[in-house]
Amino acid sequence: MHDSLLNPTLGFYVEEIETTEDIAIPKNPLDRVIGQDHAVKMAKLAVRQRRHLLLVGCPGVGKSMIAQAMAFLLPPPKEEIWIVDNPKNPERPFVETRIGGEVDRGKDIGEIVSPDKIPAEVAIKLGFKCRKCGALTSTLKKRCEACGEEKEGYDDRKFTSPFRDLFETEMFNSSRKQVKTNKIVPYIRKVDGKQEVTVYEQIDTDPLKPSVRILNQNALEKLREIEKSRPSKVLVPLKRKTFIQATGASETELLGDVKHDPYGNHPELGSPPYTRVVPGAIHEAHEGILYIDELPQLGHLQTFLLTAMQDKKFGICGRNPQSSGSSVRVDSVPCDFIFVGACNIQDLRLILSPLRSRIQGNGYEVLLNSTMPDTPENRAKIAQFVAQEVAADGRIPHVTREAIEELIQEAIRRAKIIDGKSNAITLKLRDLGGVIRMAGDLTLEVESPLVERTHMKQAIKLCLPVEEQIKREYGSLEKALEKELPLAERDLSKSNYPENYQNQSLYG
Ligand SMILES: Nc1ncnc2c1ncn2[C@@H]1O[C@H](COP(=O)(O)OP(=O)(O)O)[C@@H](O)[C@H]1O
Ligand SMILES: [Mg+2]
């Protein structure tokens, strides 16, 4: 073990390590991407300039990894999208963008004070005040900054209240419902000899600012009135992921929908149309990254994507003509995303040319490498990769330098045989990751504390493609077929069997 870890972003040599434990895993996920410096540079640029990106390359070279890492660089979303009932025409609900998720209902209701003006017991429960020493600190701090005591009000799950429905807003995050709420504490006061409920709502986290709202019974009634007059729901919550992956398996997944309601035509029975509006991936990716793997598989949906990219807005309507949702439409729902598409080289021609030109005009197209030159620096990157895979897997033991060197030789062999490149190292790292996991599993089986060279050698053998295994067993695919098929079928099958890469043995 080294005293300090080797930092991949500064560079190191394979000779410096004993095991993968000596290698630090970079915090920034883009620094974990190996051998794709150009693509990583363009990805950083795309985030900074809010441009689109098309990543083209072989499977398993890091396209999804780069797209995901881009989201890490994005600031958290600032806008929350709401759907608001349109009382005059319920089938045309309004859309509203609220900055910072600020719920504008009842803004002027109640009295806003700083936490030192409220009963101590309430300030403790709201997470401002320390029960032990009485100091006021931010509600985001788990412990009191003055005495170090854990703050009682820190965990908001402790609080339930009969008024909760007033403060909660339902949020739909993909299929899972989340509840967002300001922390509130009800408190019974005596006013003119009568007991009256007062609600204290935490509206900010800073103890030095007026950050608590006091709502008396009057104010609470007013709030209920406002709620009733302006029904709405969150469509895209403020707290959301900035990485959305869409497959284009269905139109509704990508573009949104209005759900069916069997009683949709009966206002007294059915749920109002605005409650049935569901966002598409393009809306959920607002202010974030919309990633589409195997872009050509989107087919005709590419046209909609193009429109969404151009307008940064896309209406939501019921997409099933049989459904009661089909008569509902919300216009101009925001969808300002950075588009990242992935595609392999063969399918490039299946991307619609207007979409290509949209990306070219307002973004970058990048070809990913499938090999990198065999240099000491790049060999060390394979060591970094092994360390990352071990860390990501979480179960397999650390890998010794000798085992890493064995894998590097395999990576060089693969570059030569699969990509026809000499003095190169393969970057088809998903496959190489499979070898590492196999070696790890073999090591666990023999209860060795480290992945040693022998385990890696074994794994390399076992990870041969099955065609390769057949060849080793039978000499060639033809021979295997001859041996395993009944006489009558032999001639037929011989002429039908595809002769491609399998003719060339990986190991001579
Ligand atoms: N360039 C790379 N650097 C580090 N790890 C990689 C790289 N490419 C692939 N991997 C590993 O392989 C896995 C699959 O890669 P992925 O990004 O999904 O490939 P692609 O999208 O190009 O098919 C990743 O999760 C990572 O573990
Ligand atoms: Mg992928």
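Trainee: Which elements do the buried residues of α12 pack against?

Mentor: The buried residues of α12 pack against α10, α11, β20 and α13. Packing here rests on contacts, meaning two C-beta atoms, placed from the backbone, within 7 Å. Helices (H or I, at least four residues) and strands (E, at least two) are DSSP runs, numbered from the N terminus.

Trainee: What kind of model is this, and how are residues and chains labelled?

Mentor: It is a predicted model: local features need pLDDT of at least 70, side-chain atom pairs count only at pLDDT 80 or more, and totals for chains, interfaces and linings use all residues. Residues are numbered from 1 along each chain as its sequence is written, while chains are lettered from A and ligands numbered from 1 in the order in which they are written.

Trainee: Which residues of α12 are buried?

Mentor: Buried means 20 or more other C-beta atoms within 10 Å of the residue's own; exposed means 12 or fewer; partly exposed is in between, with C-beta atoms placed from the backbone. In α12, L429, L432, V435, I436, A439, G440, L442 and T443 are buried.

Trainee: How do you know that the buried residues of α12 line one face?

Mentor: Take the directions from the helix axis to the C-beta atoms; their arc is what counts. For the buried residues of α12 the arc is 165 degrees, so they line one face of the helix.

Trainee: What span is expected for α12, and what does the model give?

Mentor: The expected span is 1.5 Å times one less than the number of residues. α12 has 17 residues, with 24 Å expected. First C-alpha to last, the helix reaches 24 Å, close to that value.

Trainee: How do you know that the length of α11 agrees with its residue count?

Mentor: Helix α11 runs over residues 401–419, which is 19 residues. At 1.5 Å a residue, α11 should span 27 Å. Its end C-alpha atoms are 26 Å apart, which agrees.

Trainee: Which residues of α11 are buried, and where do they pack?

Mentor: The buried ones include I404, L407, I408, A411, I412 and A415. Charged E406, E410 and R414 are also among them. They pack against β19 (371–373), α10 (376–393), β20 (424–426), α12 (429–445) and α13 (453–462).

Trainee: What makes the buried residues of α13 a one-sided set?

Mentor: H455, M456, A459 and I460 are buried in α13. They cover an arc of only 135 degrees around the axis, which puts them on the same side of α13. Their cover includes α11 and α12.

Trainee: Why is E447 called exposed?

Mentor: E447 has 7 other C-beta atoms within 10 Å, so it is exposed. E447 is in the loop between α12 and α13, just after α12.

Trainee: What makes the phi of E447 worth a remark?

Mentor: Most residues other than glycine have a negative phi. E447 has a positive phi of about 55 degrees although it is not a glycine.

Trainee: Why is A146 called partly exposed?

Mentor: A146 has 13 other C-beta atoms within 10 Å, so it falls in the partly exposed class. A146 lies in the loop between α3 (120–125) and α4 (164–167). Not counting residues up to four places away in sequence, A146 touches C130, C133 and A135.

Trainee: How do you know that S327 is partly exposed?

Mentor: S327 has 15 C-beta neighbours inside 10 Å, so it counts as partly exposed. S327 is in the loop between β15 (316–317) and β16 (329–330). Leaving aside neighbours within four places in sequence, S327 is in contact with E91 and G318.

Trainee: Which residues come nearest to ligand 1?

Mentor: A residue is near a molecule if its C-beta atom, placed from the backbone, lies within 6 Å of it. Of the 19 residues around ligand 1, I34, G62, K63, S64 and M65 come nearest. α2 (63–73), α10 and α12 are the elements that give two or more residues to this shell.
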